Amino acid sequence: MAFDGIVIANLVKECRDTILGGKINKIAQPESDELLITIKNQKNQYRLFLSASASLPLIYFTSSNKPSPLTAPNFCMLLRKHIGSGKIVNIWQPGLERIINFEIEHLNELGDVCRKLLIVEIMGKHSNIIFCDSDGKIIDSIKHVSMQMSSVREVLPGRTYFIPETQQKTDPLTVTEEEFIARIFSKPVKLSKAIYSSFTGISPCAAEELCFRASLESDQSASSFSELEQRHLFHQFELFMDDIKSGNFHPNIVFSGKEPIEFSALFMQQYHDLKTVSYSTVSEMLETYYSVRNAITRIRQKSSDLRRVVQTALERNSKKYDLQCKQLKDTEKREKYRIYGELLNTYGYGLEEGAKTLEALNYYTNEMIQIPLDPTMNAQENAKKYFDKYSKLKRTYEALSTLTQETADEIAHLESISTSLDIALSEEDLVQIKEEMMECGYIKWRYTGKKVKITSKPFHYLSSDGYHIYVGKNNLQNEELTFKVASGSDWWFHAKGAPGSHVIVKANGEELPDRTFEEAARLAAYYSKNRNSEKVEIDYIQKKHIKKPNGAKPGFVVYYTNYSMVIDSDISKIQQIF
């Protein structure tokens, strides 16, 4: 997730390949810190999106448009005035900095040819879009930075533009072997940090990749490596830089399941055990990555209220369950009191008055035991006292056995809802989960006068052997799939002892091949609470053996004669049907 100098280098190459020599056709400013520039070049039209957002600075080509305000902001009007019909004559990146310079040629009011610089800095919260003249003097910027805001550099009209050297980093594209070794291996910090803190444009992720390629421990102190290891790391670093210099880029996104966890302009060998998807352009990679990430983030935000309700109910029921289990454990001594009563009735006839104990033979175990007595009571009264204790604990045991099971079922149901929230990919999925929570009383039912329309559908996959596989996203879908969609001969899969989706394979009355069984089991493993485990145990059985107990929660079933397998949760090679 690092928008580092390597990704910028790939973007520069893409920009040079597509819009160098092109003419600016339109400039818009949809947000206060965003620009959308349309460029025509060789009969093609390109839309370049620039964002100096502190939280998400970006630059890439996009096919989508964004609505602009009716009155253009001052910075947008200034750009339109100067470079509204300008020609892009040069695009470059200084060193491996996270900066792209666009040199634009245009005609001034007198008809003379002039050149301006549009500088895009992708630097986290310090990101900016700066407009300069040919001498490097700032005309304006999308964000003004005064001395009160930054003691390092002012970004204001009339100031001279420069790149601040706040961390004394070296350009990795020009460093020699001696400089590399001197800068990296003299630092008493871990190796990966020594790399990314020494060179511009190298992110922590890229530093980890270099360590992985060199087979060196990234967490080991940089000053502890041998001369041979130092030279080997530089050799890998040199190969890394050669790919950047030659433009040998391979934009890709690394996925863990369906969630993107990293993107890069070069192949990341450290993620060899995860799914990697390649893209033809770095813009396509960035647009895909951030759209998927934003969708996941948006759903998590929208589900936060539901998660809070579930978590509160889970905590309350967990405390109640612990208390009930403790009370249930206290009832384990009830049988001891019953035996004491029986033995007192059997052997108490010879008990002396005022005796504090009775030693008697326990005819259940054939052992002698000591029975504590109340000296103020006779044998029959002591026996009655013990029988009363037994009866009370027995009633408590019977009541608590039922209550404890109900609480355990409640916890299992809440955990299944929590897993459904993790699986949800859209607002439609959340609507159905909320419906279930209202039906079960976790959320107050609010009458709105119109029925909620449920549009969420189960996941649909096609096995390698051509069998249709359906996966429930929540308990209501699980129930519908198992008892309405599946026929008796279809196969049912579920993670053993863990909340998760019901997976149904439509067998069409045929015997399923082993590969289809394995793919369905992987889906059941992935769509369960145990998806991050290396291996997950899966139960599978034909649907005709699945039963639903009377009054059970949605999605709760019982079965007795099942098969089991242990499998991983990698579903990257299973075809999904949308």
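**View 1. Strand β6 and its two neighbours.** Strand β5 (residues 87-92) runs antiparallel to β6 and is joined to it by five bridges. Strands here are DSSP E runs of at least two residues, helices are H or I runs of at least four, and both are numbered from the N terminus. Two strands count as paired if DSSP finds at least two bridges between them. The model is predicted: local features need pLDDT of at least 70, side-chain atom pairs count only at pLDDT 80 or more, and totals for chains, interfaces and linings use all residues. Residues are numbered from 1 along each chain as its sequence is written, and side-chain values use heavy atoms, with hydrogens and water left out.

K87 stands opposite E105 in β6. Six residues lie between the strands in the hairpin of β5 and β6, where G95 takes a positive phi near 60°. On to the next partner: strand β7 (residues 113-121) is antiparallel to β6, with nine bridges joining them. L107 has V113 in β7 as its bridge partner. The hairpin of β6 and β7 has five residues between the strands, and G111 in the turn has a positive phi of about 85°. Strand β6 (residues 99-107) is mostly covered, with seven of its nine residues buried. Buried means under 20% relative accessible area, exposed means over 50%, and partly exposed is in between (1.4 Å probe, protein chains only).

View 2. Strand β19 (residues 536-542) has six of its seven residues buried, so it is largely enclosed by the rest of the structure. Strand β17 (residues 491-495) pairs with β19 in the antiparallel sense over five bridges. W491 has Q542 in β19 as its bridge partner. Strand β20 (residues 563-567) also runs antiparallel to β19, and five bridges join the two. Find Y540, which stands opposite Y563 in β20.

**View 3. The nonpolar cores.** The largest nonpolar core has 79 residues. A nonpolar core is a set of buried Ala, Val, Leu, Ile, Met, Phe, Trp, Tyr and Cys residues joined through side-chain atoms within 4.5 Å. Those with the most contacts inside the largest core are F3, I6, F102, F180, L191 and L286. Helix α1 (residues 5-18) gives the most to this core, with seven residues. Leaving aside its neighbours within four places in sequence, L286 is in contact (heavy atoms within 4.5 Å) with F3, V7, L11, I59, Y60 and F263. A second, separate core has 29 residues, including I423, V505, A520 and A524.

**View 4. The largest pocket.** About 1400 Å³ of space lies in this pocket. A 1 Å grid over the protein atoms alone is used: a pocket is an open set of points with protein on both sides within 12 Å along at least five of seven lines, a cavity is a set where a 1.4 Å probe fits but cannot get out, and lining residues have an atom within 4 Å of a point. Grid points are joined across faces, edges and corners, and a volume is the space filled by probe spheres set on the points.

The largest pocket is lined by 49 residues, and S256, G257, K258, E259 and Y526 lie nearest its centre. Elements giving two or more residues to this lining include β10 (252-256), α7 (282-302) and α10 (379-423). The lining divides into 22 nonpolar, 12 polar and 15 charged residues. Ala, Val, Leu, Ile, Met, Phe, Trp, Tyr, Cys and Pro count as nonpolar, Asp, Glu, Lys and Arg as charged, and the others, Gly among them, as polar.

**View 5. E262 in strand β11.** E262 has its place in strand β11. E262 is buried, with a relative accessible area of 8%. E262 and T276 are 14 residues apart in sequence and 9.5 Å apart in space, C-alpha to C-alpha.

View 6. The whole structure holds three cavities of 30 Å³ or more. The largest cavity has a volume of about 80 Å³. Its lining has 13 residues, with D4, S203, F263, S264 and M268 nearest the centre. β11 gives the largest share of this lining, three residues. Nine residues of the lining are nonpolar, two polar and two charged.

The second largest cavity has a volume of about 60 Å³. I19, I24, I37 and F102 are among the residues lining the second largest cavity. β2 (34-41), β3 (44-51) and β6 each supply at least two residues of this lining. The lining of the second largest cavity divides into 11 nonpolar, no polar and no charged residues.
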